[in-house]
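Please look over this model before reading my comments. Keep the sequence at hand as you go.

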Amino acid sequence: MTDVTTPQPGPDSPAPTRERLLRAAAGLFRNKGYSGTGLAELLAAAEAPKGSLYHHFPNGKSDLALAAADWASEQMLELIAASFDPAPSFREGAKTVCYKLAKLFDKQGKWSGCPVSATLFEGPENEAFHQHAAKLFEGWITETAAHARRLGLAEREARAAAENFYILLQGGWQLARVRRDSDVIRGLHLQMHTPGPAALQAQKND
């Protein structure tokens, strides 16, 4: 599976400087957190001069963190769509999300955090970071709730199922990091609370 939380260069050409900075930031922030990543380390990983950072990201490290979180969030939305679009039910779609993320967790080395929370929650205590994280997570929940409605859940149940799923994912991701065990993520769908077939049929009959 492709690493959906770190930008990848094209196969035949080196990545542009901006993409190298994004890729380096996404990986370092995911593994070490925003505060644990030094500017010199970031520039070395990106093989980029200091001036290029401020050329592409005028406020430096903080702008780069927001951009890296945006990129990772877009990749997460793509993963959600790829998991739920072919799914016969919300639970099956959620199961696919869990399996894809567990595979990614194994690939990354079983210590990586959620790319958004590791970057923005472990960053400086500023309202802009917190608001941006809230916006990105709300996007994940909204997208997932839309799939839940399409797959038969009523509006209120769809929203509750989406929020429950991402609460499980965030907590499960942290526990998987502590245990170094991707099965924690792989089995999260079993703890979801969604209406069964009988309840869904009753909703349709109301």
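The points below go from the whole chain to single residues.

1. **Overall make-up.** This is a predicted model. The protein chain has ten helices and zero strands. Read along the sequence, its pattern is α-α-α-α-α-α-α-α-α-α.

2. The protein chain has 206 residues, and 48% of them count as buried. Now take the contacts between residues at least 6 apart in sequence. Of these, 67% join residues at least 24 apart.

3. **Helix H1, its length.** H1 covers residues 17-32, which is 16 residues. From first C-alpha to last, H1 reaches 22 Å. That is close to the 22 Å expected at 1.5 Å a residue.

4. Which residues of H1 are buried? They are Arg20, Leu21, Leu22, Ala24, Ala25, Ala26, Gly27, Leu28, Phe29 and Arg30. Note that two arginines, Arg20 and Arg30, are on that list. The buried residues of H1 pack against H2, H3, H4, H5, H6 and H8. Glycine 33 follows H1, and its phi is positive, near 80°.

5. **H4 against H5, the geometry.** Two packed helices are described by the angle and the distance between their axes. Here H4 spans residues 61-84 and H5 spans residues 90-108. Their axes come within 8 Å and cross at roughly 130°. H4 is therefore oblique to H5. The crossing is right-handed.

6. **H4 against H5, the contact.** H4 brings Met76, Leu79, Ile80, Ser83 and Phe84. From H5 come Phe90, Gly93, Ala94, Thr96, Val97, Lys100 and Leu101. By class, this contact has eight nonpolar, three polar and one charged residues. An α-helix has 3.6 residues a turn, so residues three or four places apart point the same way. Keep that in mind when you trace Met76, Ile80 and Ser83, which are among the H4 residues that meet H5.

7. **Positive phi at residue 47.** Most residues other than glycine have a negative phi. Glutamate 47 is not a glycine, yet its phi is positive, about 50°. Where does glutamate 47 lie? It sits in the loop between H2 and H3. Is glutamate 47 buried or exposed? It counts as exposed because its relative accessibility is 65%, and the cut-off for exposed is over 50%.

8. **Positive phi at residue 180.** Arginine 180 also is a residue other than glycine with a positive phi, near 55°. It lies in the loop between H8 and H9. Its relative accessible area is 46%, so arginine 180 is partly exposed.

Key
Residues numbered from 1 in each chain as written. Predicted model: local features only at pLDDT ≥ 70, side-chain atom pairs only at ≥ 80, totals over all residues. Heavy atoms only, no water. Axes fitted to C-alpha atoms, helices over the stretch in contact; angles between N-to-C directions. Helix = DSSP H or I, 4+ residues; strand = E, 2+ residues; numbered from the N terminus. Parallel < 35°, antiparallel > 145°, perpendicular 65-115°, else oblique. Left-handed = near helix turned anticlockwise from the far one by under 90°. Contact = heavy atoms within 4.5 Å. Nonpolar A, V, L, I, M, F, W, Y, C, P; charged D, E, K, R; others polar. Expected span 1.5 Å × (residues − 1). Buried < 20%, exposed > 50% of the residue type's maximum accessible area, 1.4 Å probe, protein only.
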